[in-house]
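Subject: Structure for your review

Dear colleague,

I am handing over the structure we spoke about, and my notes follow below it. Please read them beside the coordinates.

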Amino acid sequence: MNTIFVLIIAAIALFLGYGVYARRIDRDVIQPDPKRACPAKLYMDGVDFIPASRNVLFGYQFKSIAALGPILGPIAAVQWGWLPALLWIIFGTSFIGWVQDYASMMMGVRRDGDTLGALSYKLISPRARNILMLFLYFYLLLIMGAFGNTVGKGLMINPKVPLGMIIVTLAGILAGQMLYKMKQDIVLTSIVAVAISFLGIGISTLPAVSNIFSGLYGLPKSPVVFLTVTRAQFIGTLLVFVFCYLGSVLPIWSWAQPVNYVSFWIIALGMLGGVLGMLIWRPGMGEFPAFTQWSIPTGPLWPMLFVTIACGAISGWHSLVSTSGTARQLECETDALPVGGGAMFMEMVLATIAFLTATVAFGSLAAYKETLGKVAALGVFAEGLARFLDHIGVPHDFGVAYGSVFLTIMGLTIMQLAVRFMRVASAELLGDKVPVFKNVHVGTIVALILTAIFVWIVPWLTIWTAFGAANQLMAGLALLLISLWLKEEGKRNTWALYPSIFMLVTTVAALILLAYNQFKGIAVAKTSQAAIAAALVAIIAVVLIVAAAFLIADGWKALQKRRPEMAKKTP
Amino acid sequence: MLDRVHKKLRRAMRMLSEILYGMTVFDWVRGLRRQRGEIEQLFMLITFGDLIGIPVLPPYYALRLLPYVVPHINRWKHSLLRERDWTDLAELIEGVD
């Protein structure tokens with residue numbers, strides 16, 4: 001299998017999935033009306049409801065849904081062989097992913113801009129909204145653990161990365177100051193900030209600089225500080241926590257937004273270079289097997305593959321973005337398909353590129369596994385990207401540092417926003433009973449302590465699987481809501497109901513397996529750390545299973561009750 | 001013929017630049033608009049809060065603003081009284097995936 005052939009398959013999926021299937025559902029079932037007023041215009045308040053053009057929203061939606069998820073998932077999933085991962089990315093997107101993103105957006109538009117929380121309350125039961133909140137909190141906690149683990153304990157321990165990361169952050173802060181305080185032009189600001197970032201990444205690869213961090217980390221064999229955490233991993237994660245702390249407590253314009261902005265250019269240029277290198281090189285799969293075996297240490301192909309690759313095929317988070325963000329900005333109903341469906345198919349392309357960096361760039365399962373064992377999934381992507389960049393003349397050392405810095409920054413920008421959200425959520429939830437939670441520093445520190453437990457104790461792949469399950473449960477819930485809404489509207493709903501059943505059954509099966517393995521792990525654990533890690537994940541899995549059981553029961557009842565005529569009675 | 005090609009190229013360039021804008025600074029601009037919108041809502045609340053049952057007696061000078069405020073009253077009420085939960089905050093942390 002050649003790179004070009006994989007890209008052609010993705011292009012065919014794009015054509016058939018978007019051009020034929022999605023358009024048909026849009027035209028025959030949803031029937032968008034370009035003349036109907038959307039909530040963005042009807043309730044325009046300058047806060048939540050503001051109309052924006054289709055192209056702008058496409059860019060916004062794509063950026064909102066495509067982060068590290070579509071990169072990490074496929075890289076972890078190729079352990080079953082390249083074929084199952086590729087098939088799930090393509091069929092998952094074509095039959096489930098776009099359905100959820102597009103239909104939840106349309107549901108939001110037709111239901112006066114209601115978010116997923118309000119829709120769960122109205123369409124299923126009051127309990128369904130609480131269950132959604134539970135999924136959401138675990139989702140964020142686990143994503144913090146997964147990204148913190150792979151960035152702090154994986155990428156940051158490379159002595160060529162930390163200085164680059166610090167300089168890119170400083171360039172971001174400078175960009176914020178230039179724009180807001182010095183009132184400089186955006187183009188000039190971008191050029192200066194990106195040039196400084198590139199220079200910083202270049203400087204961080206110099207032996208004189210990397211030797212400083214090697215000495216600080218105690219390399220080549222970094223000593224263990226506590227549990228199984230080495231000094232390099234400890235310093236790496238501390239740097240991550242400091243970044244997240246500042247991102248959470250400082251005004252968003254001075255830290256999170258400009259760093260996000262500068263990192264966008266670093267990421268975009270890196271991806272562009274990687275794709276160019278890939279097209280010039282055009283490597284084949286080599287000795288990378290199409291299928292390794294049914295069961296690997298992560299678990300059997302079904303159900304574990306379907307929670308390992310979440311974003312890139314289907315992700316529950318997208319439905320939240322689609323309803324609370326994009327649906328309230330659509331100018332007209334006909335924009336929903338290119339924005340919601342189009343962005344999801346673009347994410348499929350991104351996932352395919354990530355899939356290629358883990359397979360064709362290494363050419364064999366042994367080389368892939370060796371890198372995965374050393375530096376986890378993000379390290380695999382950084383190494384794969386560097387091999388592609390080699391072919392457009394970028395030195396390998398710089399390529400690895402560049403890939404590592406851009407993934408680190410990508411992970412950190414997500415983590416700082418998640419900490420911010422958790423801080424606000426804890427203030428809302430506990431602030432009245434425990435007033436200290438209203439303090440921004442306390443809320444942030446509590447969120448970071450919870451993250452640290454996951455980062456330092458639980459292995460990366462276990463967190464990633466649990467995170468995928470929480471995410472896919474949200475997807476199952478969103479698809480169930482869509483089915484209910486369609487039934488209420490008197491429209492055909494099988495195209496959303498069957499994917500919903502598949503997602504819920506698969507995810508609950510994955511959680512049962514995860515809980516079983518973790519409970520078994522407690523019994524055979526050799527260290528107290530392994531036992532605590534297994535117990536922690538097992539408890540989360542059991543809580544999610546119970547929540548999913550309530551959700552399925554409530555959803556089933558609602559599905560039986562809903563009749564098309566109810567559409568007129570429901571507010 | 002050349003004119004048509006030129007038009008198509010211009011349209012494609014505009015589309016690309018809008019997509020890039022959506023990926024880069026749109027969120028930034030949106031944040032600023034949101035900030036302004038929230039301040040305006042707060043101003044409406046402290047001057048015409050009695051419209052939604054908050055006992056704020058509008059002074060004479062506030063009433064002089066009434067003609068400017070009337071077109072926005074319904075949207076303001078909808079925005080202020082809309083029930084919110086965590087999922088409303090989800091859009092603030094875009095890219096967490």
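Two residues are taken to be in contact if their C-beta atoms, placed from the backbone, lie within 7 Å, and a residue is called buried if 20 or more other C-beta atoms lie within 10 Å of its own. Please keep in mind throughout that this is a predicted model.

With those terms in hand, I begin with helix 4 (residues 69-77) of chain A, which is mostly covered, since 9 of its 9 residues are buried. The buried residues of this helix include A:Gly69, A:Pro70, A:Gly73 and A:Pro74, and among the elements that cover them are helix 5, helix 13, helix 15 (336-358), helix 16 and helix 19 of chain A.

Several of these covering elements have features of their own. Helix 16 (residues 365-390) of chain A has 26 residues, and a straight helix of that length would span 38 Å at 1.5 Å a residue, yet its end C-alpha atoms are only 21 Å apart. In helix 16 of chain A there is also a kink of about 125 degrees, centred on A:Val375.

Helix 5 (residues 82-110) of chain A meets helix 20 (residues 494-524) of chain A, and their axes come within 10 Å and cross at roughly 115 degrees, in a crossing that is left-handed. On the side of helix 5 of chain A the residues are A:Phe95, A:Ile96, A:Val99 and A:Ala103, and they meet A:Trp495, A:Ala496, A:Pro499 and A:Met503 in helix 20 of chain A. Sorted by class, this contact of helix 5 with helix 20 of chain A has 8 nonpolar residues, with no polar and no charged ones.

In helix 19 (residues 460-488) of chain A, the residue I would point out is A:Lys487, which counts as buried because it has 22 C-beta neighbours inside 10 Å. A:Lys487 is 75 residues away from A:Arg562 in sequence, while their C-alpha atoms are 6.9 Å apart in space.

The backbone also deserves a careful look, given that most residues other than glycine have a negative phi, and most peptide bonds are trans. The peptide bond from A:Leu219 to A:Pro220 is cis, with omega near 15 degrees, and A:Pro220 is found in the loop between helix 10 (207-217) and strand 1 (224-226) of chain A. A cis peptide bond also joins A:Trp302 and A:Pro303, where omega is about 10 degrees, and A:Pro303 has its place in helix 13 (residues 301-308) of chain A.

As for positive phi values, A:Leu227 has phi near 45 degrees and lies in the loop between strand 1 and strand 2 (229-230) of chain A; A:Leu227 is partly exposed, with 14 other C-beta atoms within 10 Å. A:Arg282 has a positive phi near 50 degrees and lies in the loop between helix 12 and strand 3 (295-296) of chain A, and A:Arg282 is partly exposed, with 13 other C-beta atoms within 10 Å.

Finally, there is the contact between the chains, which takes 47 residues from chain A and 38 residues from chain B. The elements that give two or more residues to the side of chain A that touches chain B include helix 3 (54-65), helix 7 (126-155) and helix 17 (396-430) of chain A, and helix 3 of chain A gives the most, with 10 residues. The residues on that side of chain A divide into 30 nonpolar, 12 polar and 5 charged.

With best regards

How values were computed: Residues numbered from 1 in each chain as written. Chains lettered and ligands numbered in written order. Predicted model: local features only at pLDDT ≥ 70, side-chain atom pairs only at ≥ 80, totals over all residues. Helix = DSSP H or I, 4+ residues; strand = E, 2+ residues; numbered from the N terminus. Buried ≥ 20, exposed ≤ 12 C-beta atoms within 10 Å, placed from the backbone. Expected span 1.5 Å × (residues − 1). Bend = angle between axes of the 7 residues up to and from the residue. Axes fitted to C-alpha atoms, helices over the stretch in contact; angles between N-to-C directions. Left-handed = near helix turned anticlockwise from the far one by under 90°. Nonpolar A, V, L, I, M, F, W, Y, C, P; charged D, E, K, R; others polar.
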